[in-house]
Amino acid sequence: MIIINFNYLTLMFKTLKNYFRLGVLLFSISFMLWNCQRQEIISEQQKTIETVSIEEAQNFFGTSEFSKNSKSKNEQYIIPIIDIISQEGITDSEELLTIIPARVNNQSIYSRILLLKIDGVIEKVVFNLIPDDVENKNEFSGKIYIADIEGNFISGYRVENNVLISQFKESNSVQSKNTYSSKSSSGDGCSECPFSDCELCGDLEEVVINASGSGPSTINYIPLEILYLNGGGGSITNTWNPISGGGSTGSTACSKGYVKDSNGNCVIVSCGEGYVKDGNGNCVINPLFGADCRSFEYAQPPGALQKACAVTNLGNNFYYSFFRADGSWEAGYFPTNIPLIYFTMPTFMTNGQAANLTALAVTSATLATDAYVLANAKNLSEQDVRDQFTINLKTAMGVYGGTIQKTAPFGIPSPAPYLSSFFGPKTDCN
């Protein structure tokens with residue numbers, strides 16, 4: 001007969017149950033610790049990037065801090081051209097790469113300072129392109145050299161038809177140097193010197209890039225990692241296209257007060273004559289702007305049925321700014337220069353009176369056109385603005401009994417250049 005000790009079984013069951021609970025607890029703790037470590041590693045590896053604003057770039061290179069760390073102007077490795085700053089898109093991000101043209105070693109190399117905030121710190125590199133064939137605009141072949149703003153080597157690549165085929169690295173002899181010497185010649189190693197030590201190019205080792213490797217394979221998508229991190233730890237997954245400018249995704253809109261040039265770069269809007277910048281940096285018409293009556297040298301030969309004058313280069317740049325449908329900002333201007341135009345006025349006026357009233361009419365037409373552009377900029381072309389300016393001129397001149405025309409009513413030997421005034425229309429030509 002089998003005797004079952006229920007007390008023993010109950011104790012055994014409780015013991016196993018406690019072991020099970022302990023195992024679950026230990027597993028949960030281990031999983032939580034592993035997950036926390038994993039998250040910590042991921043957060044440490046993935047760098048945070050932000051746009052360096054144009055104002056921040058100007059402030060940095062305009063401060064004594066940059067000048068203090070630089071040599072005298074005759075010996076300075078790099079001279080940034082801070083009046084021409086652009087911003088280009090990078091892939092998979094709304095952030096922008098801020099770009100400043102520069103001269104290195106007083107040579108005409110294609111050099112750009114690239115600025116980007118990485119984990120809240122402004123990082124700076126000098127990107128140099130040295131083409132083998134400057135005439136080939138479709139594909140790039142040549143060398144890329146990347147340096148810091150003191151001219152020290154960071155990295156480099158040889159490129160054939162936009163494909164990176166080899167990488168330049170420092171040789172052991174170069175790495176053993178503590179500092180680079182500053183030399184003013186173009187150097188023995190480079191026909192064009194992109195570094196503070198111009199002999200450096202001759203000392204660089206060239207390593208063929210394995211096409212199946214993880215490194216960059218084309219100049220169209222340069223990883224930001226090789227520009228800023230260069231093996232220093234962390235990760236930036238975004239890329240930048242130095243040839244066409246900007247990434248395949250992300251915003252390439254200009255900030256307020258800037259406009260895209262013909263190359264698609266954001267450049268500072270320089271307000272034209274008769275315009276001033278408002279508090280947001282946008283160009284708006286100067287409320288005190290006006291035409292100068294000295295532009296209108298009226299004459300009336302014997303027998304003429306009207307008095308007339310000829311003016312050259314009449315017109316303005318009519319600025320605009322607005323938000324696109326996608327929320328991005330656009331700013332620019334429409335040029336409306338008229339190379340030669342004739343004004344006429346009734347014969348009962350003196351020449352001075354005719355000049356004064358024409359100045360008032362041109363001022364009125366300019367203000368009316370400016371208002372028209374601001375209200376309709378999204379749907380306008382340059383021709384639309386020229387046509388409206390012409391209509392406004394005719395309307396304003398008609399108020400005083402005058403008109404405008406393209407042909408001379410009689411011989412006018414010396415047309416006068418158009419003059420403007422920043423203190424309202426100048427009307428003291430009596």
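This is a predicted model: local features need pLDDT of at least 70, side-chain atom pairs count only at pLDDT 80 or more; totals for chains, interfaces and linings use all residues.
Which backbone oxygen lies 2.7 Å from a polar atom of the side chain of Thr336?

The backbone oxygen is that of Asn316. Thr336 itself sits in the loop between β20, residues 329-335, and β21. Buried or exposed, then, for Thr336? Thr336 counts as buried, because its relative accessibility is 1% and the cut-off for buried is under 20%. Setting aside neighbours within four places in sequence, Thr336 is in contact with Leu314, Gly315, Asn316, Phe318, Val385, Arg386 and Phe389.

Two of those contacts, Val385 and Phe389, take us to α8. Helix α8 covers residues 382-398, and α7 covers residues 351-376. The two helices pack at an angle of about 140°, and their axes are 8 Å apart. Their crossing is right-handed. On the α7 side, the residues that meet α8 include Thr358, Ala361, Ala365 and Tyr372. On the α8 side they include Val385, Phe389, Leu393 and Met397. By type, the residues of this contact divide into eleven nonpolar, six polar and one charged.

In soluble globular proteins, nonpolar side chains tend to be buried together. Here the largest nonpolar core has 31 residues, and Phe296, Tyr298, Phe343 and Leu393 have the most contacts inside it. At least two residues of this core come from each of β18 (307-314), β19 (317-323), β21 (338-345), α7 and α8. Which element gives the most? That is α7, with seven residues.

Take Tyr298 from this core as an example. Not counting residues up to four places away in sequence, Tyr298 touches several residues, including Lys307, Cys309, Phe343, Ala354, Thr358 and Met397. Apart from this core lies another one, of 26 residues, with Ile49, Val125, Leu129 and Leu164 among them.

What does its side chain reach at 3.4 Å? The side chain of Asn356 reaches the backbone nitrogen of Asp428. Leaving aside neighbours within four places in sequence, Asn356 is in contact with Cys293, Thr427, Asp428, Cys429 and Asn430.

To recap the two polar residues: Thr336 is buried, at 1%, with a side-chain polar atom 2.7 Å from the backbone oxygen of Asn316.

Terms used: Residues are numbered from 1 along each chain as its sequence is written. Side-chain values use heavy atoms; hydrogens and water are left out. Helices (H or I, at least four residues) and strands (E, at least two) are DSSP runs, numbered from the N terminus. A polar contact is a pair of N or O atoms within 3.5 Å; within protein, one must be able to donate a hydrogen and the other to accept it, and residues adjacent in sequence count only if both atoms are side-chain atoms. Contact means heavy atoms within 4.5 Å. A nonpolar core is a set of buried Ala, Val, Leu, Ile, Met, Phe, Trp, Tyr and Cys residues joined through side-chain atoms within 4.5 Å. Buried means under 20% relative accessible area, exposed over 50%, partly exposed in between (1.4 Å probe, protein chains only). Axes are lines fitted to C-alpha atoms, for helices over the stretch in contact, and angles run from 0 to 180 degrees between N-to-C directions. A crossing is left-handed if the near helix is turned anticlockwise from the far one by less than a right angle, and right-handed if clockwise. Ala, Val, Leu, Ile, Met, Phe, Trp, Tyr, Cys and Pro count as nonpolar, Asp, Glu, Lys and Arg as charged, and the others, Gly among them, as polar.
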